[in-house]
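Here's a quick briefing to keep open next to your viewer. Have a look at the sequence and the fold, then walk through the points below.

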Amino acid sequence: MRVMLRAHLDTQISNEALKNGTLPQIMQSMTERLKPEAAYFGPSEGGRSCTFVFDMQDSSLLPTITEPLLEGLGAKIEIQPVMNSEDLQKGLAALQPG
């Protein structure tokens, strides 16, 4: 299932992670593990954030996906199912009678 993970990083913790080199390591590890179709990094709500869109094969993967962000960067995480335009068209077509 295609999902979007958005993480808002704790500023103080991520500042320290930036200084000691763990911030880039965590982001590289996330990118390698998730193999996202899209990954974005930038400011949000006054702090650092990252957004990954990827295929989550099984919900049992949630701990391995989220814990590095929670433990290493003090992140607040949102994860939700999402669709691209082809998925939306397919879903809407299924609503049509006939």
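## Briefing: helices, sheet and loops

A handy place to start is L23, which lies in helix 2. Bear in mind that this is a predicted model.

**L23 and its surroundings**

- Is L23 buried or exposed? Its relative accessibility is 10%, and buried means under 20%, so L23 counts as buried.
- Leaving aside residues up to four places away in sequence, L23 touches L9, S14, A17, L18, R48 and L73.
- L23 and G72 are 49 residues apart along the chain, yet their C-alpha atoms are separated by 8.1 Å.

**Helix 2 against helix 3**

- Helix 2 covers residues 22-34 and helix 3 covers residues 62-73; the two pack at an angle of about 175°, with axes 11 Å apart.
- Angles over 145 degrees count as roughly antiparallel, and helix 2 and helix 3 are therefore roughly antiparallel to each other.
- On the helix 2 side, the contact is made by L23, I26, M27, M30, R33 and L34. Helix 3 answers with T64, I65, P68, L69, G72 and L73.
- Sorted by class, that contact of helix 2 with helix 3 has nine nonpolar, two polar and one charged residues.

**Helix 1 against helix 2**

- Helix 1 (residues 11-20) is the other helix to look at here: its axis and that of helix 2 come within 5 Å and cross at roughly 95°.
- Since 65 to 115 degrees counts as roughly perpendicular, helix 1 and helix 2 are therefore roughly perpendicular to each other.
- Which residues meet in this contact? From helix 1 they are S14, A17, L18 and N20, and from helix 2 they are T22, L23 and P24.
- By class, the contact of helix 1 with helix 2 has four nonpolar, three polar and no charged residues.
- L23 turns up here as well as in the contact with helix 3.

- Four strands make up an open sheet, in the order 2-3-1-4, and the pairing is antiparallel.
- Which strands stand at the edges? They are strand 2 (38-44) and strand 4 (76-81); each has a single partner strand, so one side of each is left without a neighbour in the sheet.
- On average, neighbouring strands of this sheet are turned by 15° against each other, direction ignored.

**Strand by strand**

- Strand 1 (residues 2-8) pairs with strand 4 in the antiparallel sense over six bridges. To find your way along this pairing, look for V3 opposite P81 in strand 4, and for H8 opposite K76 in strand 4.
- Strand 1 is also joined to strand 3 by seven bridges, again running antiparallel. Here R6 stands opposite T51 in strand 3.
- Strand 2 and strand 3 pair in the antiparallel sense over seven bridges. T51 in strand 3 shows up again in this pairing, standing opposite Y40.
- Strand 2 and strand 3 also form a hairpin, with two residues between them.

**An aromatic pair across strands**

- The count of aromatic pairs comes to one.
- The ring centres of F41 and F52 are 5.7 Å apart and their planes sit at 85°, so the pair is edge-to-face.
- F41 lies in strand 2 and F52 in strand 3 (residues 47-55), so the pair ties together parts that are eleven residues apart in sequence.
- F52 is buried, with a relative accessible area of 0%.

**Two loop residues with positive phi**

- Most residues other than glycine have a negative phi.
- K35 has a positive phi of about 45° although it is not a glycine. K35 lies in the loop between helix 2 and strand 2.
- With a relative accessible area of 66%, K35 is exposed.
- E45 is found in the loop between strand 2 and strand 3, and in the hairpin turn its phi is positive, at about 50°.
- How accessible is E45? At 72% relative accessibility, E45 counts as exposed.

Technical notes:
Residues are numbered from 1 along each chain as its sequence is written. This is a predicted model: local features need pLDDT of at least 70, side-chain atom pairs count only at pLDDT 80 or more; totals for chains, interfaces and linings use all residues. Side-chain values use heavy atoms; hydrogens and water are left out. Axes are lines fitted to C-alpha atoms, for helices over the stretch in contact, and angles run from 0 to 180 degrees between N-to-C directions. Angles under 35 degrees count as roughly parallel, over 145 as roughly antiparallel, 65 to 115 as roughly perpendicular and the rest as oblique. Contact means heavy atoms within 4.5 Å. Ala, Val, Leu, Ile, Met, Phe, Trp, Tyr, Cys and Pro count as nonpolar, Asp, Glu, Lys and Arg as charged, and the others, Gly among them, as polar. Two strands pair if DSSP finds at least two bridges between them. Rings of Phe, Tyr and Trp (its six-membered ring) pair if their centres lie within 6.5 Å; planes under 30 degrees apart count as stacked, over 60 as edge-to-face and the rest as tilted. Buried means under 20% relative accessible area, exposed over 50%, partly exposed in between (1.4 Å probe, protein chains only).
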